[in-house]
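Reader: I have a chain open and a list of labels to check. Take me through them, value against cut-off.

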Amino acid sequence: MKKIGLLGGMTWGSTIEYYRLLNEGTRKRLGGRHSCKILMDSVDFSELHELISKDDWTSVGTKLAQAALNTEAGGADMLLIGANTMHRVADTVQGALEIPVLHISDAIANKAKELKVSKLGLLGTAFTMEQDFISKPLSEKHDLEIITPASDVRAIIHDSIFNEFAVGKFLDSTREKYINIIKELEANGAEAIILGCTEIGLLIKASDCNIPLIDTVQAHVDAALDAAIV
């Protein structure tokens, strides 16, 4: 098994899910007492959040590139950036490395192909929903149509991610809001919903909805294990 580099801490709650799913997936595929070969550099999300609030994505890219280099130096064969929003600087990180960054959009596209869907609703931070670092590769590389909620709803989602999920709050009232948002996207033609923030999967489960969900943590993990287990 190849060694998977993981940039964690964005947030650490979803990083726990990455670690758990990588190990559970390895045991399922290889059996016995096998566990996943992981080398993680876990960053301080507060420092990144401060930079993001200043729109200083250059410094965000520099910090994550350095963390990625730490995993490469430690022997990682590939890298996962354990956050959708931080793929805003995926090209910067890849530019610093010799090993490949497994982009989360490719992992999402793999799941869409499995589900045989082509029109996807996208939930995530305002950066993820309104900028094109996730939606552009999905549409141009994978021929998928991406729709997002209205601007006022996007603001609600963004606020819940940074002011609730990022500090470990997962409220029933917020879950109800998300369920209604997902129903609206379904009414607008979405065939599946991308949980395009790694914390949303900690709030919303498949049993909450009548439409297929693409949990980006699980999708990313599956893509990594496909690449790592040879």
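Author: Lys116 counts as exposed, at 75% relative accessibility. The model is predicted: local features need pLDDT of at least 70, side-chain atom pairs count only at pLDDT 80 or more, and totals for chains, interfaces and linings use all residues. Residues are numbered from 1 along each chain as its sequence is written, and side-chain values use heavy atoms, with hydrogens and water left out.

Reader: Why is Lys116 called exposed?

Author: Exposed means over 50% relative accessible area, buried under 20%, and partly exposed in between (1.4 Å probe, protein chains only). Lys116 is at 75%, so the label is exposed.

Reader: Where is Lys116 placed, and what is its phi?

Author: Lys116 sits in the loop between helix H5 (104–115) and strand E4 (119–123). Helices (H or I, at least four residues) and strands (E, at least two) are DSSP runs, numbered from the N terminus. Phi of Lys116 is near 60°, a positive value in a residue other than glycine.

Reader: What is said of phi at Asp55, and is Asp55 buried or exposed?

Author: Phi of Asp55 is near 60°, again positive in a residue other than glycine. Asp55 lies in the loop between helix H2 (45–53) and H3. Its relative accessibility is 55%, so Asp55 counts as exposed.

Reader: What makes Glu114 exposed?

Author: Glu114 has a relative accessible area of 56%, so it takes the exposed label. Glu114 is in helix H5.

Reader: How far is Ala65 from Phe165?

Author: Their C-alpha atoms are separated by 25 Å, and the two residues are 100 apart along the chain.

Reader: Why is the Phe165 and Phe170 pair called stacked?

Author: Rings of Phe, Tyr and Trp (its six-membered ring) pair if their centres lie within 6.5 Å; planes under 30 degrees apart count as stacked, over 60 as edge-to-face and the rest as tilted. Phe165 and Phe170 are 5.2 Å centre to centre with 10° between the planes, and the pair is stacked. Phe165 is at 2% relative accessibility, so it counts as buried. Phe170 is at 29%, so it is partly exposed.

Reader: What makes the Phe165 and Tyr178 pair tilted?

Author: Their planes are 45° apart and their centres 5.9 Å apart, and the pair is tilted. This pair links distant parts of the chain: Phe165 in the loop between helix H8 (151–163) and helix H9 (172–187), and Tyr178 in helix H9, 13 residues apart. Both Phe165 and Tyr178 are buried. Ring pairs join Phe165, Phe170 and Tyr178 into a cluster.

Reader: What makes a set of residues a nonpolar core?

Author: The set holds buried Ala, Val, Leu, Ile, Met, Phe, Trp, Tyr and Cys residues, joined through side-chain atoms within 4.5 Å. The largest such core has 78 residues, and those with the most contacts inside it are Met10, Leu64, Met86 and Leu123. Helix H11 (residues 216–228) gives the most to this core, seven residues.

Reader: Which residues does Met10 touch, and how is its peptide bond to Thr11 set?

Author: Among the contacts of Met10 are Val43, Phe45, Leu64, Met86 and Glu199. The bond from Met10 to Thr11 is cis, with omega near 0°. Thr11 is in the loop between strand E1 (4–8) and helix H1 (12–30).

Reader: How do you know that a space is a cavity and not a pocket?

Author: On a 1 Å grid over the protein atoms alone, a cavity is a set of points where a 1.4 Å probe fits but cannot get out; a pocket is an open set with protein on both sides within 12 Å along at least five of seven lines. Lining residues have an atom within 4 Å of a point. Grid points are joined across faces, edges and corners, and a volume is the space filled by probe spheres set on the points. The count is one cavity of 30 Å³ or more. The largest cavity has a volume of about 130 Å³. Its lining has 15 residues, and the closest to its centre are Met10, Thr85, Thr125, Cys197 and Glu199.

Reader: How much space lies in the largest pocket?

Author: About 150 Å³.

Notes. Contact = heavy atoms within 4.5 Å. Lists of a residue's contacts leave out its neighbours within four places in sequence.
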